[in-house]
Amino acid sequence: LSVVEISAWDADDATEGTNARITYSIEKNVIHDKTGDAIFNIHPHSGLVTTALCCLDRETTPEYNIQNK
């Protein structure tokens, strides 16, 4: 399930090759209490954040915070 898509760009020069390449990762992910697995994934090139686990329950956890780098 898609959650959000993060986007960024190199303001200096987007055609600068690998120096201008932007990749996405999650620095601080939310961990599932029972399994110890990360709850979210992020695609390193598109920035699309998805749920790694099925069926998040807003009634038990109304808010999730992740930190990207």
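This section describes the fold, the sheet, the core and selected residues of a predicted model.

Residues are numbered from 1 along each chain as its sequence is written, and side-chain values use heavy atoms, with hydrogens and water left out.

The protein contains zero helices and five strands. Helices (H or I, at least four residues) and strands (E, at least two) are DSSP runs, numbered from the N terminus. Along the sequence the pattern reads β-β-β-β-β. The protein has 69 residues, of which 14% count as buried. Buried means under 20% relative accessible area, exposed over 50%, and partly exposed in between (1.4 Å probe, protein chains only). Among contacts between residues at least 6 apart in sequence, 41% join residues at least 24 apart. Contact means heavy atoms within 4.5 Å.

Three strands form an open sheet in the order 1-4-3, with antiparallel pairing. Strand 1 and strand 3 (40-42) stand at the edges with a single partner strand each, so one side of each has no neighbour in the sheet. From one strand to the next, the twist averages 20°. Axes are lines fitted to C-alpha atoms, for helices over the stretch in contact, and angles run from 0 to 180 degrees between N-to-C directions. Two strands pair if DSSP finds at least two bridges between them. In general, strands of a sheet pair through backbone hydrogen bonds, either parallel or antiparallel.

Strand 1 and strand 4 run antiparallel and are joined by three bridges. Glu-5 stands opposite Leu-48 of strand 4. Three bridges also join strand 3 to strand 4, again antiparallel. Here Ile-42 stands opposite Val-49, and Phe-40 opposite Thr-51. Strand 3 and strand 4 form a hairpin with five residues between them. Gly-47 lies in the turn and has a positive phi of about 80°.

Side chains alternate along strand 4. Val-49 and Thr-51 point to one face and are buried. Thr-51 lies in strand 4 (residues 48-51). Its relative accessibility is 16%, so Thr-51 counts as buried. Beyond neighbours within four places in sequence, Thr-51 is in contact with Leu-1, Val-3, Ile-39, Phe-40 and Leu-56.

The largest nonpolar core has seven residues: Tyr-24, Ile-26, Val-30, Ile-39, Phe-40, Ile-42 and Val-49. A nonpolar core is a set of buried Ala, Val, Leu, Ile, Met, Phe, Trp, Tyr and Cys residues joined through side-chain atoms within 4.5 Å. Phe-40 has 7% relative accessibility and therefore counts as buried. Residues up to four places away in sequence aside, Phe-40 touches Val-3, Ile-26, Asn-29, Val-30, Val-49, Thr-50, Thr-51, Ala-52, Leu-56, Tyr-64 and Ile-66.

A search of the whole structure finds one aromatic pair. Phe-40 and Tyr-64 form this pair, with an edge-to-face geometry of 5.7 Å centre to centre and 80° between the planes. Rings of Phe, Tyr and Trp (its six-membered ring) pair if their centres lie within 6.5 Å; planes under 30 degrees apart count as stacked, over 60 as edge-to-face and the rest as tilted. The pair links distant parts of the chain, 24 residues apart: Phe-40 is in strand 3, and Tyr-64 is in the loop between strand 4 and strand 5 (67-68). At 26% relative accessibility, Tyr-64 is partly exposed.

Ile-66 also sits in the loop between strand 4 and strand 5. Its relative accessibility of 33% makes Ile-66 partly exposed. With residues up to four places away excluded, Ile-66 touches Ile-26, Lys-28, Asn-29, Val-30, Phe-40 and Val-49. Ile-66 and Lys-28 are 38 residues apart in sequence, with a C-alpha to C-alpha separation of 5.5 Å.

Ser-25 is found in the loop between strand 1 (2-5) and strand 2 (26-28). Ser-25 has a relative accessible area of 25% and is partly exposed. Ser-25 and His-45 are 20 residues apart in sequence and 9.2 Å apart in space, C-alpha to C-alpha.

Technical notes: This is a predicted model: local features need pLDDT of at least 70, side-chain atom pairs count only at pLDDT 80 or more; totals for chains, interfaces and linings use all residues.
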